[in-house]
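Hello,

Here is the structure for your files. My notes on the strands follow below it.

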Amino acid sequence: MSAPDPFSELIAPFSRRGVDLGLDRLQAALADLGHPERRFAAVQVAGTNGKGSISTMLHAIATAAGIRCGLYTSPHLLSWCERIRLPDGLIASEHLQRLLRDLQPVALRHNLTPFELVTAAAMQAFAEAEAELVVLEVGLGGRLDATTVHPKREVLAFASIGLDHTEHLGPTISAIAAEKAGVLHGAATAISGPQPAEAAQVLTEQARQIGCALRWVTPLPAMEQGGPELGLRGNLQRLNAAVAAGAAEALAERGWPISAVAIEQGLRQARWPGRLDRRLFAGQPLLVDGAHNPPAAAALRHELDQLEQQTGGPTPRRWLIGMQRHKDAPELLRTLLRPGDQVLVVALPAEHSSWSAAELQAATGVAIEQGEGALSTQLRWLVQSAGLPVACGSLYLVAELLPLLNATD
């Protein structure tokens, strides 16, 4: 049985709010706190897939440059503390609990959502820690995301934009891109890698309208072609690294002491668990990845195809998958699976509605089994795979798996 969550009684009272995008509530709460967000500069990272990787790399670069840099990401895997990295390391559990307790009256007065509450705690923690610069990963969308309350977002970075959270952001890539482009403002420099045509058009037009400098970057070369070593695995990280490096260079132009050496060092040292993460179970290798939407599934499939080319061709593999009900799991499976693959679907923790094997089999026509019992039992089945087995889907599943797995290093 897992240990009790020390934050549940501090955050749960606000959970009934769910997702309620907007800036006014948090702006008013931060004003009550004396505007801690005004005591440090920020870089904001928006997009659909790759935000966390770009944010992690950029934080590592700034830290390598000697800047007192903080990092705010979401969601977390094992602890709420993972969301707030202060210049000296992850925020301590006792520290975050104290902040959340102190914020209860303000949060209740302004009817904050859970994300807004934790964002307020993060802003307070960064100010108290005397951070000079903070990398803020957008939680959802951008235009109305809580991180957008920060008044001095000098540099903006865009990860790949695709279809996800359509129930909140709109049904098309253009609509989603418009929400994410809402972070643009005339005093910032924005960096993006290649985007789908609809997203690129939206970013370009909105940047033009408000006078924001928008720069496009291409993936960094592979190491064998002279590119830098990356701490994060996968070809897609070459694109994320290019965005992070471009954002770092934009910061350097604004006077931040970031050198080419610091950029290379940060890219090499960055770590981000649960993304193309090689692990061991009972001494057997497997891959864990938080691919939970079709664009992420396409990226994962590309990585597996590349791996198969290096190892002599495709081999049927076993999959362990858990997906939230509002995600497009049928399309994810159609993207990932190859003939001969075997799939076991597991339910997510009880508070999250998830797809069942029967529903996915009906939607895809693929034979799928429902996993029952302990996850350790499902993992024993998974690693008895001819090809490299993969566990993927919701980060809630990744969070349940990681404590059962060993690192490969």
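Strand S11 covers residues 318–322 of this predicted model. S11 is mostly covered, with five of its five residues buried. Which way do the residues of S11 point? Arg318, Leu320 and Gly322 point one way, and Trp319 and Ile321 point the other way. All of them are buried. In a regular strand, side chains alternate between the two faces of the sheet.

S11 pairs with S12 and with S14. Take S12 to begin with. Strand S12 spans residues 342–345 and runs parallel to S11, joined by four bridges. Tryptophan 319 has valine 343 as its bridge partner in S12. From S11 the chain passes through helix H12 (residues 329–336) and on to S12. This β-α-β crossover is right-handed.

Now S14. Strand S14 covers residues 390–393, and its pairing with S11 is also parallel, over four bridges. Here tryptophan 319 stands opposite valine 390. So much for S11.

There is also an open sheet of eight strands. Its order is S4-S3-S2-S5-S1-S6-S7-S8, and the pairing is mixed. Which strands stand at the edges? They are S4 (89–90) and S8 (213–216). Each has a single partner strand, so one side of each is left without a neighbour in the sheet. Arginine 85 has leucine 90 of S4 as its bridge partner.

Best wishes

Key: Residues are numbered from 1 along each chain as its sequence is written. This is a predicted model: local features need pLDDT of at least 70, side-chain atom pairs count only at pLDDT 80 or more; totals for chains, interfaces and linings use all residues. Side-chain values use heavy atoms; hydrogens and water are left out. Buried means under 20% relative accessible area, exposed over 50%, partly exposed in between (1.4 Å probe, protein chains only). Helices (H or I, at least four residues) and strands (E, at least two) are DSSP runs, numbered from the N terminus. Two strands pair if DSSP finds at least two bridges between them. A crossover is right-handed if, with the strands pointing away from the viewer, the path from the first strand over the helix to the second runs clockwise.
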